[in-house]
Amino acid sequence: MIVQTEEELAEALEKEEDTIEIEGDLKRKVLRIKATGKVAWIIAVGAIGAAVVAVLYPVPEPTTQFATKGLALTAASGSIAILGFSTTVAAISIAVSAGGVGVLNTLRAYRIAANSESKLVLKRN
């Protein structure tokens, strides 16, 4: 399956596709997620998880919604320090699309089969 967006990647991971071809800017972000060491990943995924909860939690009042979304970004600051801003935003988008951070651990379980200038090919172990 060929993917170019965080939503498409989340869908491919949820379907447990055997091969996922990642194109575009998402390729660089996925490489950063996969290259993060185990200890740093634990910190990053915890921060991303807090941000995902803040994004997914329904808040009825507009003023409170703004504060909650700001809290989500603050909660993700640990991840931003590890992954960088754009990769953290991508990771949050992937997790929100799938309904939780478990999908990010699934992503990390895939192995890199090929990495060219234009695409990254992941294979399920």
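**Close-up views of a predicted model**

**View 1. Lys119 is partly exposed, with a relative accessible area of 25%.** Here buried means under 20% relative accessible area, exposed over 50%, and partly exposed in between (1.4 Å probe, protein chains only). The side chain of Lys119 meets that of Glu21 in a salt bridge, at 2.9 Å from N to O. Because Lys119 lies in strand 4 and Glu21 in strand 2, the pair ties together parts that are 98 residues apart in sequence. A salt bridge is a side-chain nitrogen of Lys or Arg within 4 Å of a carboxyl oxygen of Asp or Glu. Helices (H or I, at least four residues) and strands (E, at least two) are DSSP runs, numbered from the N terminus.

The model is predicted: local features need pLDDT of at least 70 and side-chain atom pairs pLDDT 80 or more, while totals for chains, interfaces and linings use all residues. Residues are numbered from 1 along each chain as its sequence is written, and side-chain values use heavy atoms, with hydrogens and water left out.

**View 2. Ser118 sits in the loop between strand 3 (111-115) and strand 4 (119-123).** Ser118 is exposed, at 51% relative accessible area. Beyond its neighbours within four places in sequence, Ser118 is in contact (heavy atoms within 4.5 Å) with Ile22, Glu23, Gly24 and Lys27. The C-alpha atoms of Ser118 and Lys27 are 8.4 Å apart, although 91 residues separate the two in sequence.

**View 3. The largest nonpolar core has 30 residues.** Such a core is a set of buried Ala, Val, Leu, Ile, Met, Phe, Trp, Tyr and Cys residues joined through side-chain atoms within 4.5 Å. Leu9, Ile20, Ile22, Val30, Leu104 and Leu122 touch the most other members. Helix 3 gives the most to this core, with seven residues. Leaving out residues up to four places away in sequence, Ile22 touches several residues, among them Val3, Leu9, Val30 and Leu122.

**View 4. Lys29 and Asp25 form a salt bridge through their side chains, at 3.1 Å from N to O.** Lys29 counts as buried because its relative accessibility is 12%, whereas Asp25, at 44%, counts as partly exposed.

**View 5. Lys15 forms a salt bridge with Glu11, with the closest N and O atoms 3.0 Å apart.** Lys15 is exposed at 51% relative accessibility, and Glu11 is partly exposed at 36%. The whole structure holds six salt bridges. Elsewhere, Glu16, Asp18 and Arg124 are linked in a network of them.
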